[in-house]
Amino acid sequence: MIKKAPYILVLFLLILHLSGYSQDRFPRPEFDSGYVYPVDQMPNQRSIMWEYLDVAMLVAALSVTSWLALKKRSRKGLIWMSVFSLAWFGLYRQGCICSVGSVQNVSLALFNTNYSIPLTALLFFLIPLVFALFAGRVFCAGVCPLGAIQELTGIKPLKLPRTVESVMAAVPFIYLALAVLFSATDSRFIICRYDPFVGIFRLDAPYTMIVFGVLLLLAGIFVNRPYCRYLCPYGVLLNLFSRFSHRHLTITPAECTNCRLCEDVCPYDAILPSDNPAEKEDKTISRKRFYLYLLLVPLFAAAGGIALFNLAPALSGMHSDVRLAREIRMEKESGIEAVSKAAVAFKEAGNTEEQLFKGETAIISRFRKAAPWAGVFLGLSLGLALVSMATRTRRTGYAPHRGKCFSCGRCFRYCPVEAPKTV
Amino acid sequence: MSKEKNKYQSRRDFVRNTGKALIILPLVALPVALARKTSASGYVWQIDPHKCTQCGQCKTHCVLTPSAVKCVHAYVMCGYCDLCGGYLRQGVKTISTGAENQLCPTGAITRAFVEEPYFQYTIDKELCDACGKCVLGCGNFGNGSLYLQIQQNLCANCNDCRIAINCPSDAVSRVPEAVQYIPKDKKQGSE
């Protein structure tokens, strides 16, 4: 290594020298023949109007889906809506920008000064949430192209055990917290990075993306909508907003007769049975449990905050500058040569190591500030989930779980109750 | 019994309404908070040719095949050399258009005689796959008039550009939609 050092040094100097003098090595010729300099054509991006058209399409699609789910009560209509959304937002507009990913743009814009969010991205983030407040998760039912492709391929639904279902339901929360954290610190957009279906929409992607997407689709034949249920970070927000929705899809068009025909048809385990008076628990026990869980909420939040505070340096490795700084430091400390392309480019560019390490410290301290909030969010979610498990809602009929229900309309045809005739 | 039920009902209503208010609040606050940081037009991705190190990852990391990045030619910077570092392989025996002499793996550069001793080099963007070999060659031995740019009509404008993630020199970044290209020419120099 030491023997080679002078040669390496000379090579570096040569590269620096060359990059410094790469221009005007040969003077521009003076042509006698009246030669005209051609100009390389630089075609522009297609007009921004297309993106505004997408927003209009989003509003229209959401309105139609709400009508189909709540008023018309037509599963067939919802399926056609899915086909349309898959065709337009997915295959034609190629799935970018989507509401799911817009979470990151919002977070990037909120916490960074040098990025201002495109209005279309902000609208794509807000509009489905507003619709969720009025009509439940109609965005999932027939507008989201990611949901649509899974809805159309989920042909043989199986039910998963409750425990699996509830454990897996935690994953989207973690995904959302990390996605917001990484985009707020300007590290990476992980939702886009691990988008399963955009490669299928474009018929062009790195093979890992295609493999992941196809596997999800295959699994989705039996376990419907695996991405929506166990991964989708935007679904967390929709779930939350839908719980407080003004109106929501109903299983029965009139009064529920508790015939139990719809009990097992929901592949998402989103149908809540009516209360069984025989199963009524002792009040004092349930109340005790409720208060215990309520006490646990701040504890969980604090624990989450502390845990993520300590994980911050590890998480900051998502930022490319931190990774580069670590590689360079490793080279300095243990003599393992930094050979990654980033390290080579760093050496060629001639920035000082102090600058790099200073930047690294700044990024890590940003993570130290931001990560605890992600932890608090996760702890709060877990705590509130427990609390909601300890509360008992009174239901006289079968009703969809407003948070979990995708408004897919599978349950409509199982309800024998006739809709009241309106004249 | 009915009284008790009512009590429950009102408590439930209270929780529900508080929850609703808590949830609507950020929904309203968000556009207000972002009011100043919203732009009507969007962003596009572009390569800063002055930062680019021609590592070749534009070819391999774009989600599109072939990559949306293409080589472009700043003719005003070109030396119109006969012995072109971007067109010819190093150490060629004859300076000719023979395929064995060409540096470009896809033969995307055409060489045309202008006048003694000058030659014009044109990039066929249909053939170019953004490997950056010619850019490196021109930068090392010539004026550096060849450079890589994301072709905006091809770019899918991903929310998170995969080339930007992998670019070792941070040359790929969001630029306002009005900019679209970062051209390289004599006047701009290193901007």
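In which helix is Glu354(A) found? Glu354(A) belongs to helix α18 of chain A, residues 353-390. The legends below describe a predicted model, in which local features need pLDDT of at least 70 and side-chain atom pairs count only at pLDDT 80 or more, while totals for chains, interfaces and linings use all residues. Residues are numbered from 1 along each chain as its sequence is written, and chains are lettered from A and ligands numbered from 1 in the order in which they are written.

**View 1. Glu354(A) in helix α18 of chain A.** Helices (H or I, at least four residues) and strands (E, at least two) are DSSP runs numbered from the N terminus. Glu354(A) is exposed because 8 other C-beta atoms lie within 10 Å. A residue is called buried if 20 or more other C-beta atoms lie within 10 Å of its own, exposed if 12 or fewer, and partly exposed in between, with C-beta atoms placed from the backbone. The C-alpha atom of Glu354(A) is separated by 9.8 Å from that of Ala325(A), and the two residues are 29 apart along the chain.

**View 2. Leu181(A) in the largest nonpolar core.** A nonpolar core is a set of buried Ala, Val, Leu, Ile, Met, Phe, Trp, Tyr and Cys residues joined through C-beta atoms within 7 Å. The largest such core has 148 residues, of which Leu181(A) and Ala374(A) touch the most other members. Helix α9 of chain A (residues 171-184) contributes the largest share of this core, 10 residues. Two residues are in contact if their C-beta atoms, placed from the backbone, lie within 7 Å. Leaving aside neighbours within four places in sequence, Leu181(A) contacts Leu315(A), Ala370(A), Ala371(A) and Ala374(A).

**View 3. The two domains of chain A.** Domain bounds come from an automatic or database domain assignment. For chain A, this assignment gives domain 1 (51-275 + 397-414) and domain 2 (283-389). Their centres, taken over C-alpha atoms, are separated by 28 Å. Domain 1 of chain A brings 11 residues to the contact, and domain 2 of chain A brings 12. On the side of domain 1 that touches domain 2, eight residues are nonpolar, two are polar and one is charged. In this classification Ala, Val, Leu, Ile, Met, Phe, Trp, Tyr, Cys and Pro count as nonpolar, Asp, Glu, Lys and Arg as charged, and the others, Gly among them, as polar.

**View 4. The side of chain A that touches chain B.** Here 54 residues of chain A are in contact with 51 residues of chain B. Helix α17 of chain A gives the most to this side of chain A, with six residues. By class, the side holds 31 nonpolar, 11 polar and 12 charged residues. Strand β1 of chain A pairs in the parallel sense with strand β1 of chain B (residues 38-39) over two bridges; two strands pair if DSSP finds at least two bridges between them. Pro118(A) stands opposite Ser39(B).

**View 5. A hairpin in chain B.** Strand β4 (residues 109-115) and strand β5 (residues 118-123) of chain B run antiparallel and are joined by six bridges. Glu115(B) has Tyr118(B) in β5(B) as its bridge partner.
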